[in-house]
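I hope they are handy to read with the structure open beside you.

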Amino acid sequence: MSELLSQLWTPELQAAFTVVLVLLVILYVLSIVWVVRDAYLRGTMWYLWAIVALVPVLGVIAYCLLRPPLLQLDRDEQELEIALKQRQLMKYGECAACGYPVEADFVLCPNCHTQLKNLCMRCNHALEPSWTVCPYCATPVGSAAPAPSSGSRPRRSSGQGRSSRGGAQK
Ligand SMILES: [Zn+2]
Ligand SMILES: [Zn+2]
């Protein structure tokens with residue numbers, strides 16, 4: 001029996017067996033590395049999965065079945081995309097009176113003609129109703145007289161040069 005075995009157990013077979021064994025070990029180690037890396041990227045408890053992956057073959061199969069569906073990077077990207085969409089939605093609003101969708105720079109509701117924004121008397125930019133000063137030209141909202149100092153002497157009370165150019169623009 002042992003003679004037959006030693007006859008079969010040739011150096012060639014020994015070498016082939018060793019190669020297969022080494023390949024299996026490499027595969028096993030790589031599978032553990034893959035599980036740990038994948039679990040880490042997916043934001044799960046990778047050290048727990050590393051222990052599971054120590055079970056040959058079954059550990060990797062279990063991980064493949066139970067791993068969370070999304071990579072952490074993908075999830076971050078998805079959250080970013082959702083935030084971006086919300087931002088875009090915020091650009092548009094609804095008319096407070098009738099609920100009609102209006103854009104951010106609408107002054108009137110196109111549906112019910114409710115005034116949504118004030119207009120700057122000086123530069124005609126649309127202003128939020130809560131604003132007390134125009135952020136574009138620094139004119140106080142509501143207090144500025146329409147068309148100030150048309151052709152009269154230049155005033156130097158507020159800003160240099162700006163009011164001296166006269167009210168002939170617009
Ligand atoms: Zn409306
Ligand atoms: Zn203005």
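1. Ser31, Ile32, Val35, Asp38 and Ala39 are the buried residues of helix H2 (buried: under 20% relative accessible area; exposed: over 50%; partly exposed: in between; 1.4 Å probe, protein chains only). These residues pack against H3 and H4, where contact means heavy atoms within 4.5 Å. Helices (H or I, at least four residues) and strands (E, at least two) are DSSP runs, numbered from the N terminus.

2. A word on conventions: this is a predicted model, in which local features need pLDDT of at least 70 and side-chain atom pairs count only at pLDDT 80 or more, while totals for chains, interfaces and linings use all residues. Residues are numbered from 1 along each chain as its sequence is written, chains are lettered from A and ligands numbered from 1 in the order in which they are written, and side-chain values use heavy atoms, with hydrogens and water left out.

3. Helix H2 contains 31 residues, and its first and last C-alpha atoms are 44 Å apart, close to the 45 Å expected at 1.5 Å a residue (the expected span is 1.5 Å times one less than the number of residues). After H2 comes Gly43, with a positive phi near 75 degrees.

4. Ile32, Val35, Ala39, Trp49, Ala53, Val60 and Tyr63 form the largest nonpolar core, that is, a set of buried Ala, Val, Leu, Ile, Met, Phe, Trp, Tyr and Cys residues joined through side-chain atoms within 4.5 Å. Two or more residues come from each of helix H2 (11-41), helix H3 (46-53) and helix H4 (58-66), and H2 contributes the most, with three. Leaving aside residues up to four places away in sequence, Val35 touches Trp49, Ala53, Val60 and Tyr63.

5. The unreviewed UniProt entry annotates residues 12-34 and 46-66 as "transmembrane region"; its positions are given in the numbering used here, feature names are shortened, and annotations may be inferred rather than shown by experiment. In the model, residues 12-34 are 100% helix and 0% strand, with end C-alpha atoms 33 Å apart.

6. Donors here are N, O and S atoms within 2.8 Å of the metal (3.2 Å for Na, K and Ca); water is not among the atoms, so sites may look incomplete. Cys109 is buried at 1% relative accessibility, whereas Cys112 is partly exposed at 32%.

7. The zinc ion (ligand 2) is held at 2.2 Å by SG of Cys120, Cys123, Cys134 and Cys137, and its site is tetrahedral too, with angles of 104 to 115 degrees. Its donors are spaced C-x2-C-x10-C-x2-C along the chain. Cys123 sits in the loop between strand S3 (118-119) and strand S4 (126-127) and Cys137 in the segment after S4, so the pair ties together parts 14 residues apart in sequence.

8. Finally, do look at Lys117, in the loop between strand S2 (101-103) and S3. Lys117 is buried, with a relative accessible area of 10%. Its contacts, not counting residues up to four places away in sequence, include Phe106, Val107, Leu127 and Glu128.

Note on methods. Tetrahedral: all angles 85-135°; square planar, octahedral: opposite > 155°, others 65-115°.
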